[in-house]
Amino acid sequence: MRRNVAAALPAWLVEQWPDAVLLTDAKGVIEYVNPAFERLTGYRRHEVLGRTPALLKSGKQDAAFYARLWSRLRRGRPFRGIFVNRRKDGALFHEEELIRPLRGPSGRIAHFLCAGRDVSALMREMQKLQRLATHDALTGLPNRTLYADRLGQALRQAQRRGESVVVAMLDLDDFKRINTQYGHLAGDTVLKAVARRTRRCVRAIDTVARIGGDEFALILPVTRSSVAGERVLEKIRATNAGAVRYGRARIPVSVSIGASVYPRDGRSDTGLRKRADAALYAAKKAGGNRWRSAV
C-alpha cells in the first residue's frame, strides 16, 4: 500500500499532514488513508481499506453533485467542493475536499488523491451571517429583503398557475404609547408576541415578515378564494387582540391590517404593496383593531 502513496507524495509527509488524505485506485477503491483521516472520520485505517469513499456519504447531496464530480475526474481534471459527510458515529460534518486524478506511466488515470479538511465551524458561521442578512434579529422572521424576494417568487408562480396571492401589511395600534408607557424592552416583548401569534395563524407556505419597527408584511399564496384570505386575516386580527404579559403588567395589544389581492388589485409587487398600505391606513383611521381590503 505504501508504495502507491510514495508514488504520489513522500509517505512520511502524508502521515504527518494535518489534512485528511485518502488515496484510491482508478475504480475508487481506497488504498490508503492517513492518521488525519482517521481522526476526522472516526474510521480506523483497516476499516476503510478495500472500500470506497461512499461509506462517508450522508445523503445530503444529490446525484447531480456526484455526476459533476466524476465528469471532471474522468476527464483528468481536479474537483474541489464542500461535502456533507457522515462520521463513523453518525455525526455530520462539512469537509472541503480537493480530489486530483493521478496518471500512471501509461498516461491513464491510475489513482485519485483526495485531501480534505473539516470546515463545519466555518459553515456554521456563514449560515449565521446569511441568516442575519435575511432575517430580523429580534423576531427571527424574514426581513424586508427576503420578503421582497419571496413576494416576487409568489407572484411569478401565481401568474404561471393562474392563482391568486394575498399581500397584507400589519401594523400595531398605538405602539408608540406602549414604548413610552412600558419601555422599549416591553415593546420588544410585544413585537415578539405578535410575530409568534401571527405565525401560528398561517400555513408553512405563507410568509410573515418584519419589515420595519412595528410593521409586518404577509404573503398568502395559492389563495383560491377571497373568502379564504379574509378568514385568515380575521383570524390574525382576533389572535392579536389580546394582552401581552410583561412582568406583572398586561399590555393591551391590537393590530390593523390592510390587504390587496393579486391579480384583482394589481399585478406588480410595488402596486400591490401600495394598495395594501392604503388599506392599512384606512383600517387605522377607522380606529384600528380591524382589517381592510384594497378598494
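**Notes on a predicted model**

1. Start with the open space. The largest pocket holds about 460 Å³ of space. Keep in mind that this is a predicted model.

2. The lining of the largest pocket has 24 residues. Pro 53, Ala 54, Leu 69, Trp 70 and Ile 99 are the ones nearest the centre. By class, the lining has 15 nonpolar, five polar and four charged residues.

3. Now look at Gly 42. This glycine sits in the loop between helix H3 (35-41) and helix H4 (45-48). Its C-alpha atom is 5.3 Å from that of Lys 88, although the two are 46 residues apart along the chain. Leaving aside residues up to four places away in sequence, Gly 42 touches Phe 37, Glu 47 and Lys 88. Gly 42 has a relative accessible area of 39%, so it counts as partly exposed.

4. How do helices H8 and H9 pack? Helix H8 (residues 175-182) meets helix H9 (residues 184-200) at an angle of about 135°, and their axes lie 6 Å apart. That angle is why H8 is called oblique to H9. On the H8 side, the contact uses Phe 175, Ile 178, Asn 179 and Tyr 182. On the H9 side, the partners are His 184, Ala 186, Gly 187, Val 190 and Leu 191. The residues of this contact comprise six nonpolar, three polar and no charged.

5. Stay with helix H9, which also holds Thr 198. Is Thr 198 buried or exposed? Its relative accessibility is 2%, so Thr 198 counts as buried. Not counting residues up to four places away in sequence, Thr 198 touches Leu 170, Val 208, Leu 218, Ile 236 and Asn 240.

6. Check the backbone at Asp 174. This residue lies in the loop between strand S6 (165-172) and H8. Asp 174 is not a glycine, yet its phi is positive, about 55°. With a relative accessible area of 45%, Asp 174 is partly exposed.

7. Find Asn 289 in the loop between H11 and strand S12 (291-293). Its relative accessible area is 31%, so Asn 289 is partly exposed.

8. Last, a peptide bond. Which form does the bond from Tyr 262 to Pro 263 take? The bond is cis, with omega near 0°. Pro 263 belongs to the loop between strand S11 (255-262) and helix H11 (269-285).

Technical notes
Residues are numbered from 1 along each chain as its sequence is written. This is a predicted model: local features need pLDDT of at least 70, side-chain atom pairs count only at pLDDT 80 or more; totals for chains, interfaces and linings use all residues. Side-chain values use heavy atoms; hydrogens and water are left out. On a 1 Å grid over the protein atoms alone, a cavity is a set of points where a 1.4 Å probe fits but cannot get out, and a pocket is an open set with protein on both sides within 12 Å along at least five of seven lines; lining residues have an atom within 4 Å of a point. Grid points are joined across faces, edges and corners, and a volume is the space filled by probe spheres set on the points. Ala, Val, Leu, Ile, Met, Phe, Trp, Tyr, Cys and Pro count as nonpolar, Asp, Glu, Lys and Arg as charged, and the others, Gly among them, as polar. Helices (H or I, at least four residues) and strands (E, at least two) are DSSP runs, numbered from the N terminus. Buried means under 20% relative accessible area, exposed over 50%, partly exposed in between (1.4 Å probe, protein chains only). Contact means heavy atoms within 4.5 Å. Axes are lines fitted to C-alpha atoms, for helices over the stretch in contact, and angles run from 0 to 180 degrees between N-to-C directions. Angles under 35 degrees count as roughly parallel, over 145 as roughly antiparallel, 65 to 115 as roughly perpendicular and the rest as oblique.
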